[in-house]
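Trainee: Could you take me closely through the aromatic ring pairs, and then through the part of the fold to which they lead? I would like one connected account.

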Amino acid sequence: MRKLTLVFLLFFSNLIFCQVQDSDKKYFKFEYDTIVKKTFVLDFEKLFDKNQTKELNDIIDDFEKKTSIEIAIISFEEKYKNEEDFHKNTLFVANWIGIGKKDLDNGILIGISTKSRKIRIENGNGIERILTDAETKSIIEDTFIPNFKKGNYYIGTLEGLKKIIEALEKKLNDKN
């Protein structure tokens, strides 16, 4: 746990200290005026290839543009002893990197650890009013886990992501 926390702190502190966000907050501007598109997928376990990561990022980016809801997918290479440790780490990462708009608390973190055989979805308080924990649990059990059991991490993540987006869009449309 300490090792992973240290890696995150080093990685993100480097980003924080040498970046300036532009006004639309979709790009990071690093030293020497290099612009890097904001990423929503951090695949430390190397579950996805470059094209798969791009496709997941594009889906999330399109959804964020339509709804302002941010979804992040992070695979952790750390092995966790128990569910509580994994939960604490995913919650810490979701809060630390600031997924979602601060004033709306509308972020979602999909945390995956294949080494620990764990997946968790952390919903911001703004999301919990739209998508219940029971609905989130159902998406995990019905979509992510069956594919993960077959070793299809990309398909499970892609289909799970689409189910989350579909459920959110339906509920947002029902509200309007």
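Mentor: Across the whole structure, a search returns seven aromatic pairs, a pair being Phe, Tyr or Trp rings (for Trp, the six-membered one) with centres within 6.5 Å, called stacked if the planes are under 30 degrees apart, edge-to-face if over 60 and tilted otherwise. The model is predicted, so local features require pLDDT of at least 70 and side-chain atom pairs 80 or more, whereas totals for chains, interfaces and linings take in all residues. Numbering starts from 1 along each chain as its sequence is written, and side-chain values rest on heavy atoms, without hydrogens or water.

One of the pairs joins F48 and Y154: their ring centres are 6.2 Å apart and the planes stand at 70 degrees, so this contact is edge-to-face. It links distant parts of the chain, since F48 sits in the loop between β4 (41–43) and α2 (50–67), while Y154 belongs to helix α6 (residues 153–175), 106 residues apart. Helices (H or I, at least four residues) and strands (E, at least two) are DSSP runs numbered from the N terminus.

F76 lies in the loop between β5 and α3 and F86 in helix α3, so the contact ties together parts 10 residues apart in sequence. F76 is buried at 0% relative accessible area, and F86 is likewise buried at 0%. Ring pairs also bring Y80 into a cluster with F76 and F86.

From β5 (residues 70–75), the chain passes through helix α3 (residues 83–97) to β6. Strands β5 and β6 run parallel and are joined by six bridges, where pairing requires at least two DSSP bridges; A72, for instance, has L109 of β6 as its bridge partner. β6 also pairs with β7, in the antiparallel sense and over six bridges, with I110 partnered by I121 of β7. The two strands form a hairpin with four residues between them, and R117 in the turn has a positive phi of about 55 degrees.

Seven of the seven residues of β6 are buried, so this strand is largely enclosed by the rest of the structure. In a regular strand, side chains alternate between the two sheet faces. Both faces of β6 are covered, with G107, L109, G111 and S113 buried on one side and I108, I110 and I112 on the other.

Conventions
Buried means under 20% relative accessible area, exposed over 50%, partly exposed in between (1.4 Å probe, protein chains only). A crossover is right-handed if, with the strands pointing away from the viewer, the path from the first strand over the helix to the second runs clockwise.
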